Amino acid sequence: MSLLSITLCVVLFYFISFTDVFTDRLDGFKKPMMMAILAVYALYRSFMLYLIIKNKNKRQL
């Protein structure tokens with residue numbers, strides 16, 4: 001589930017950054033704010049996934 005949400009955040013970040021997707025709704029300050037939220041959430045989910053994998057490997061030892 002974490003990989004799915006990370007992938008979706010990265011893909012949406014890409015499309016908002018480099019294409020004209022949502023240009024009618026994300027005008028002015030909304031576009032960089034949405035990009036920042038997506039980037040921070042993807043980083044958060046990546047870190048949490050890292051911790052889960054690290055703890056899982058530690059238990060197996």
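Predicted model: local features only at pLDDT ≥ 70, side-chain atom pairs only at ≥ 80, totals over all residues.
Biologist: Where is S2 found?
Modeller: S2 is found in helix 1. Helices here are DSSP runs of H or I with at least four residues, strands are E runs of at least two, and both are numbered from the N terminus. Residues are numbered from 1 along each chain as its sequence is written, and side-chain values use heavy atoms, with hydrogens and water left out.

Biologist: Is S2 buried or exposed?
Modeller: S2 counts as buried because its relative accessibility is 9%. The cut-offs are under 20% relative accessible area for buried, over 50% for exposed, and partly exposed in between, with a 1.4 Å probe and protein chains only.

Biologist: And what does S2 touch?
Modeller: Leaving out residues up to four places away in sequence, S2 touches R45 and L49. Contact means heavy atoms within 4.5 Å.

Biologist: OK, R45. Which residues of helix 2 are buried?
Modeller: M35, L38, A42 and R45. What covers the buried residues of helix 2 includes helix 1.

Biologist: How does the span of helix 2 compare with 1.5 Å a residue?
Modeller: It agrees: the 31 residues should span 45 Å, and the end C-alpha atoms are 45 Å apart. The expected span is 1.5 Å times one less than the number of residues.

Biologist: Switching to rings. How many aromatic pairs does the structure hold?
Modeller: Three. Rings of Phe, Tyr and Trp (its six-membered ring) pair if their centres lie within 6.5 Å; planes under 30 degrees apart count as stacked, over 60 as edge-to-face, and the rest as tilted. One of the pairs is Y14 and F15, edge-to-face, with 5.4 Å centre to centre and 75° between the planes. Y41 and Y44 form a tilted pair, 6.4 Å centre to centre and 35° between the planes.

Biologist: Why are Y41 and Y44 about one helical turn apart?
Modeller: Because they are three residues apart in helix 2. An α-helix has 3.6 residues a turn, so residues three or four places apart point the same way. Y41 is partly exposed at 37% relative accessible area, and Y44 is partly exposed at 43%.

Biologist: Back to Y14, which aromatic cluster is it in?
Modeller: Y14, F15 and F18 form one aromatic cluster. Y14 lies in helix 1 and is partly exposed, at 43% relative accessible area. F15 is found in helix 1 too, which covers residues 2-18, and is partly exposed at 36%.

Biologist: How far is Y14 from M34 in space?
Modeller: 12 Å, C-alpha to C-alpha, for two residues 20 apart in sequence.

Biologist: Which residues form the nonpolar patch on the surface?
Modeller: V11, Y14, F15, F18, V21 and F22, with about 550 Å² of accessible area together. Patches take residues with over 30% relative accessible area and no salt bridge, joining like charges within 9 Å and nonpolar side chains (Val, Leu, Ile, Met, Phe, Trp, Tyr) within 5 Å. A salt bridge is a side-chain nitrogen of Lys or Arg within 4 Å of a carboxyl oxygen of Asp or Glu. Areas come from the Shrake-Rupley method with a 1.4 Å probe, and for residues only the protein chains shown count as cover.

Biologist: Where does F22 lie?
Modeller: In the loop between helix 1 and helix 2 (30-60). F22 counts as partly exposed, at 31% relative accessibility.

Biologist: And what is phi of F22?
Modeller: Near 65°, a positive value in a residue other than glycine. Most residues other than glycine have a negative phi.
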